[in-house]
Amino acid sequence: MRDSLESEIHHIKFKDVSFSYPGEKENLIFKCNFSIKKPGFWMIVGKNGSGKSTLLKLINGIIKPQNGIINCKADIGMVFQNPDHQILMPNCRSELLINVNQNISDFEINKKIEYVLDQVGLSGFEKRPVHTLSGGQKQRLTIACALISNRNFILLDEPTALLDQTSQIKVLKTIKNLTSDHKNPISALWITHRYEELTYADAVAELKNGLLSGWKEPSKFQYN
Ligand SMILES: Nc1ncnc2c1ncn2[C@@H]1O[C@H](COP(=O)(O)OP(=O)(O)OP(=O)(O)O)[C@@H](O)[C@H]1O
Ligand SMILES: [Mg+2]
């Protein structure tokens, strides 16, 4: 019963996963076990170089572990740490278009574009060439692309690192709404160094020495 339920809901499970980059003797991720079995807002913290971005790349299959099993049943969208590593198209509209489901009418597409740009505080930026955007605006565009893609699991790697407080709170609230939607909640796995963000999470964990700690409620989470 439990297994059949798990297979219906999008989820991620790591079982004894170990990973090291080529040429490195030490495992960066070592016998790591964790799971995310229900929709929600999940956050991970950890020191620079502890392997947070690597963990996200393992989840979405960009890199493969040397040992262990990654079971990932989700339609994953990704917001990379550096927006320049992700944006492909010359302007905001075309970048959003390559992320949207094209099987809907032009009217619906335009409505969605307007909506997601508003959600990240970029209303009116549709025709703007990408090279004229600031770093924070590019970061917000990549978040808008994740929102418009209609995925059920979004990985966000320090998505607010380049944002001012107003944009930061707007994006946090948008993700919170999507992950706590009554009808169709999604999951978001969000990496952060900004501790004030943890209060938005349903659960927080720390990546340290190759392992992810157990998930804790933000109020009970202590960062060492
Ligand atoms: N492609 C690669 N080849 C070799 N080593 C790598 C590669 N990518 C990352 N590393 C190394 O792996 C370690 C973990 O990197 P990672 O980017 O996952 O850390 P992080 O926790 O995301 O750090 P930050 O907080 O600075 O974003 C670092 O020592 C990094 O130099
Ligand atoms: Mg990183």
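Leaving aside neighbours within four places in sequence, which residues is Cys-72 in contact with? They are Ile-12 and Ile-59, where contact means C-beta atoms, placed from the backbone, within 7 Å. This is a predicted model: local features need pLDDT of at least 70, side-chain atom pairs count only at pLDDT 80 or more, and totals for chains, interfaces and linings use all residues. Residues are numbered from 1 along each chain as its sequence is written, while chains are lettered from A and ligands numbered from 1 in the order in which they are written.

**Overall fold**
- The protein chain has 6 helices and 9 strands; these are DSSP runs numbered from the N terminus, helices being H or I of at least four residues and strands E of at least two.
- The radius of gyration, taken over C-alpha atoms, is 18 Å, close to the 17 Å that the globule rule gives for 224 residues, so the chain is as compact as a globular protein of that length. That rule is 2.2 Å times the number of residues to the power 0.38.
- The C-alpha trace spans about 45 × 40 × 35 Å along its principal axes.
- Of the 224 residues, 34% count as buried (20 or more other C-beta atoms within 10 Å of the residue's own; exposed is 12 or fewer, partly exposed in between).
- Among contacts between residues at least 6 apart in sequence, 71% join residues at least 24 apart.

**Around Cys-72**
- Cys-72 sits in strand β4 (residues 67–73).
- Cys-72 counts as partly exposed because it has 16 C-beta neighbours inside 10 Å.
- Lys-13 is 59 residues from Cys-72 in sequence, yet their C-alpha atoms are 6.3 Å apart.

- An open, mixed sheet of 6 strands runs in the order β5-β6-β7-β3-β8-β9; strands pair if DSSP finds at least two bridges between them.
- Its edge strands, each pairing on one side only, are β5 (76–79) and β9 (211–212).
- Strands β3 (residues 40–45) and β7 (residues 187–191) are parallel, with 5 bridges. Met-43 stands opposite Trp-190 in β7.
- Helix α2 (residues 52–59) lies across β3, β5, β6, β7 and β8, at about 155 degrees to β6. Axes are lines fitted to C-alpha atoms, for helices over the stretch in contact, and angles run from 0 to 180 degrees between N-to-C directions.

**Ligand 1**
- Residues around ligand 1 include Tyr-21, Leu-28, Lys-52 and Gln-81, each with its C-beta atom, placed from the backbone, within 6 Å of the ligand.
- This shell has 2 nonpolar, 8 polar and 1 charged residues, with Gly counted as polar.

Conventions
Contact = placed C-beta atoms within 7 Å.
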